[in-house]
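Have the structure open as you read.

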Amino acid sequence: METDGARTDRLGVLLEQFDKVREAAQVRLSGLGDEEYLWEPAPGCWSIRRRDEAGTPRAFGPGGWVMDLGAPDIPGSEYAEVARQAAGGMTIEKIADDWSVSVGRVQEVLAHSGTPEPDVAPVTTIAWRLGHLHLQFAGAWEWTFGERRQDPKLMVDFSPSAAVAVETFWASVDRWRDSVATVTEEQLDTVGLSAYPYSNDDEYPYVNVLAGANIEFIHHMAEIALLRDLWRFRSGTTG
């Protein structure tokens, strides 16, 4: 269905929203240089680094450059969700496995679910944010339309070159988008069509997964855009 050229079916609305965000994102990534791409605006930033220089305990990647990742934990913003899962019958062992934390940590969270701890999230570089988005789109394609075998954390060969990172990122994004465009109405309502391993996608109809993917794209591209603005002012160029 269309109204004045705009699609009003569920898939059409989500795709048109995604396409508009992609168009804006492509403009915002234009001209990204290597120094800006790897710029660390604060101490303790997460970024991509040579494998032998990684300082975070779970840095990952298939090649010579890896992406920073800290020790597993349950952030304060998720305490209420953990409490909801436990109240709904999910075992503490399953919750612990989902978050890669100990059963004791889950018990601590449940004991303090009404007063969550403040999140202390690291500042991340453009390279980290772009790599994070890239592995999510690559993994989302693999675990929805592919063979559902490859670990998303091993699907992206992180590069210190901004040009290479941007080119390969758009290739993964476009492959995912082309496949999404073929999804049927029945598949939109299918629970578990996406089995992305680092999420609970398999608990929701695919239409909800797509809506979440749009939010994630908007969220992280907004962060990248802000970092580009900060870099521009840091360099003394405001035009």
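## Cavities and a helix pair

In this predicted model, α6 gives the most to the lining of the largest cavity, with four residues. Both α6 (126-142) and α7 (162-180) supply at least two residues of that lining. By class, that's seven nonpolar, four polar and one charged.

How many cavities of 30 Å³ or more does a search of the whole structure find? There are two, and here they are together:

| Cavity | Volume | Top contributor to the lining |
|---|---|---|
| Largest | about 80 Å³ | α6, four residues |

Around the second largest cavity you'll find L14, L15, F18, W176, V180, L210 and N214. Helices α1, α7 and α9 each put in at least two residues. Six of the lining residues are nonpolar, one is polar and none is charged.

Now for α1 and α9 as a pair. Helix α1 (residues 10-29) packs against helix α9 (residues 206-234) at an angle of about 15°, with the axes 10 Å apart. That angle is why α1 counts as roughly parallel to α9. Their crossing is left-handed. On the α1 side, the contact residues include L14, F18 and V21, and they meet a set in α9 that includes L210, N214 and F217. Sorted by class, the α1–α9 contact has 14 nonpolar, two polar and five charged residues.

Key:
Residues are numbered from 1 along each chain as its sequence is written. This is a predicted model: local features need pLDDT of at least 70, side-chain atom pairs count only at pLDDT 80 or more; totals for chains, interfaces and linings use all residues. Side-chain values use heavy atoms; hydrogens and water are left out. Axes are lines fitted to C-alpha atoms, for helices over the stretch in contact, and angles run from 0 to 180 degrees between N-to-C directions. Angles under 35 degrees count as roughly parallel, over 145 as roughly antiparallel, 65 to 115 as roughly perpendicular and the rest as oblique. A crossing is left-handed if the near helix is turned anticlockwise from the far one by less than a right angle, and right-handed if clockwise. Contact means heavy atoms within 4.5 Å. Ala, Val, Leu, Ile, Met, Phe, Trp, Tyr, Cys and Pro count as nonpolar, Asp, Glu, Lys and Arg as charged, and the others, Gly among them, as polar. On a 1 Å grid over the protein atoms alone, a cavity is a set of points where a 1.4 Å probe fits but cannot get out, and a pocket is an open set with protein on both sides within 12 Å along at least five of seven lines; lining residues have an atom within 4 Å of a point. Grid points are joined across faces, edges and corners, and a volume is the space filled by probe spheres set on the points.
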